[in-house]
Amino acid sequence: MESVEAFYNQLSNRYTELISRCVPRYDEIFYNLFHYIPDALEPQQILDLGCGTGNLTAAALQHFPGASIHALDLSADILQECRQRFAQHKNVFYHQQDFSELNFAPETFDLIISSIAIHHIPDEAKAGLYAQVHSLLKPGGIFVWADQTRGIIEEVYQKHIARWKDEAFKLGSTEADWQLWMEHQEAHDYHTPVGWHLTQLEAVGFTEVDVIWKNIMWAVVWSRKSR
């Protein structure tokens, strides 16, 4: 079975093109992810979990140009794409790590963000990641992320998949594109209902959690560490 790292290595120079044809309302996901960050936060240290080729990092640079942004991904080739893309930005730092052990000091970050990455790890690993994220945030820090989720029952989930396919083809995806994502999903994706995520975030100590946007199986989830 091909690893997640190998899959994204081979797609590194086509990732943005493919994702824009695959994810409905992709720009709207990003808009909502940043729109609900509190105006008073003014983050100086930002961590992008699973940065891919840097679409979310680019948005963070646009919204917080003075912040230090730490782009983290498992794929060396993906990170190289980021280095080339942000070569003129001296405030972007790169970390080749997976989600099982984030090598940063506690209370390092004001803001931790992620886009369509957390579903690549099993549920028990998600719970461990949320505990790490909580420890890495400063008091009052925000963790906001976008990802694929599962329907609360199988019928709902299968209808999500069917609607996703319809929307992806409207965006220009081909049958080959669709099969690529479905094979990857079968091998590597772990979709979990939204409510499960909210429960786990509260269990590790986040005192305020919310779903701030949802479309089909994509959700934007917001959480804050107590101040």
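Start with the whole protein chain and its radius of gyration, taken over C-alpha atoms: the globule rule, 2.2 Å times the number of residues to the power 0.38, puts a compact globule of 227 residues near 17 Å, and the chain has 17 Å, so the two agree. What you have open is a predicted model, where local features need pLDDT of at least 70, side-chain atom pairs count only at pLDDT 80 or more, and totals for chains, interfaces and linings use all residues. Residues are numbered from 1 along each chain as its sequence is written, and side-chain values use heavy atoms, with hydrogens and water left out.

Along the principal axes, the C-alpha atoms fill a box of roughly 45 × 40 × 30 Å. Switch to cartoon and you get nine helices and seven strands; these are DSSP runs, numbered from the N terminus, with helices being H or I of at least four residues and strands E of at least two. Of the 227 residues, 55% count as buried, meaning under 20% relative accessible area, while exposed is over 50% and partly exposed sits in between (1.4 Å probe, protein chains only). Take the contacts (heavy atoms within 4.5 Å) with a separation of 6 or more: residues 24 or more positions apart account for 73% of them.

Now colour by charge. There are 17 positive and 30 negative side chains, and the centres of the two sets lie 4 Å apart. Lys and Arg count as positive and Asp and Glu as negative, with His and the chain ends not counted; each charge is placed at NZ of Lys, CZ of Arg, CG of Asp or CD of Glu.

Next, select helix 6, residues 123-136. Its 14 residues reach 20 Å from first C-alpha to last, close to the 20 Å expected at 1.5 Å a residue (the expected span is 1.5 Å times one less than the number of residues). Show side chains and look for the buried ones, among them Leu129, Tyr130, Val133 and His134. What covers the buried residues of helix 6? The cover includes strand 1, strand 4 (109-115), strand 5 (137-148) and helix 9 (194-203).

Jump to Ser223 in strand 7 (residues 218-224). At 0% relative accessibility, it counts as buried. Leaving aside residues up to four places away in sequence, Ser223 touches Gly141, Ile142, Phe143, Leu201, Phe206, Glu208 and Val209.

Back up to Ile216, in the loop between strand 6 (208-215) and strand 7. Its phi is near 55 degrees, a positive value in a residue other than glycine. Buried or exposed? Ile216 counts as buried, at 7% relative accessibility.

For another positive phi, pick Glu42: about 45 degrees, although it is not a glycine. Glu42 lies in the loop between helix 3 (26-35) and strand 1 (45-49), and counts as exposed at 58% relative accessibility.

Finish with two distance labels. Ser100 is in the loop between strand 3 (92-96) and strand 4 and is exposed, with a relative accessible area of 57%. Arg83 is in helix 5 (residues 76-85) and, at 37% relative accessibility, counts as partly exposed.
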